Amino acid sequence: SWDNGVGTNIDADPLFTSNYRLRSGSPCIDTGTNAAPALPATDFEGDERMIDGDRNGIATVDMGADEYIQRAIVTQFLLLLLN
């Protein structure tokens with residue numbers, strides 16, 4: 001279980017990849033607390049912390065040290081930069 005200090009727990013498989021990133025459908029995506037004390041602006045890789053990973057229109061921090069990024073979006077962004 002993980003407890004963010006307000007009684008919210010997740011008792012489910014976080015669906016990590018082999019390198020401990022979150023997979024699509026992880027219960028940790030967009031379930032953190034944006035108002036967490038000392039929340040850094042970026043994750044440990046330098047990605048923004050508040051990304052709308054579940055595409056519901058609301059950017060919410062993920063639980064854990066790494067934000068889930070939909071790889072199709074990243075690929076599309078890179079293609080735009082290259083053109």
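Residues are numbered from 1 along each chain as its sequence is written, and side-chain values use heavy atoms, with hydrogens and water left out. As the model is predicted, local features need pLDDT of at least 70 and side-chain atom pairs count only at pLDDT 80 or more, whereas totals for chains, interfaces and linings use all residues.

Of the 83 residues, 23% count as buried; here buried means under 20% relative accessible area, exposed over 50%, and partly exposed in between, using a 1.4 Å probe and protein chains only. The chain exposes about 5700 Å², with carbon and sulfur atoms supplying 58% of that area (Shrake-Rupley method, 1.4 Å probe; for residues, only the protein chains shown count as cover). Among contacts with a separation of 6 or more, 33% come from residues 24 or more positions apart, where contact means heavy atoms within 4.5 Å.

The largest nonpolar core has six residues: Ile 10, Leu 22, Cys 28, Ile 29, Met 63 and Tyr 68. Such a core is a set of buried Ala, Val, Leu, Ile, Met, Phe, Trp, Tyr and Cys residues joined through side-chain atoms within 4.5 Å. Leaving aside neighbours within four places in sequence, Tyr 68 is in contact with Leu 22, Arg 23, Ser 24, Ile 29, Ile 51, Gly 53 and Asp 62.

Ser 26, in the segment before β1 (50-51), is buried, with a relative accessible area of 6%. Its side chain reaches the backbone oxygen of Pro 14 at 2.5 Å and the backbone nitrogen of Cys 28 at 3.1 Å. Beyond its neighbours within four places in sequence, Ser 26 is in contact with Pro 14 and Leu 15.

Turning to charged side chains, the count comes to three salt bridges, each defined by a side-chain nitrogen of Lys or Arg within 4 Å of a carboxyl oxygen of Asp or Glu. Arg 21 and Glu 45 meet at 1.9 Å, N to O; both lie in the segment before β1, 24 residues apart. Arg 21 is partly exposed at 22% relative accessibility, and Glu 45 is partly exposed at 35%. Arg 21 also forms a salt bridge with Asp 66, at 3.5 Å, N to O. Asp 66 lies in the loop between β2 (60-61) and α1 (71-82) and Arg 21 in the segment before β1, so this pair ties together parts 45 residues apart in sequence. Asp 66 is buried, at 8% relative accessibility. In the salt bridge between Glu 67 and Arg 49, the closest N and O atoms are 2.8 Å apart, and both residues are buried. Through shared partners, salt bridges join Arg 21, Glu 45 and Asp 66 into one network.

Finally, the structure holds one aromatic pair. Phe 16 and Tyr 20 are edge-to-face, at 5.6 Å centre to centre and 70° between the planes. Rings of Phe, Tyr and Trp (its six-membered ring) pair if their centres lie within 6.5 Å, with planes under 30 degrees apart counted as stacked, over 60 as edge-to-face and the rest as tilted. Phe 16 is partly exposed at 37% relative accessibility, whereas Tyr 20 is exposed at 63%.

Terms used:
Helices (H or I, at least four residues) and strands (E, at least two) are DSSP runs, numbered from the N terminus. A polar contact is a pair of N or O atoms within 3.5 Å; within protein, one must be able to donate a hydrogen and the other to accept it, and residues adjacent in sequence count only if both atoms are side-chain atoms.
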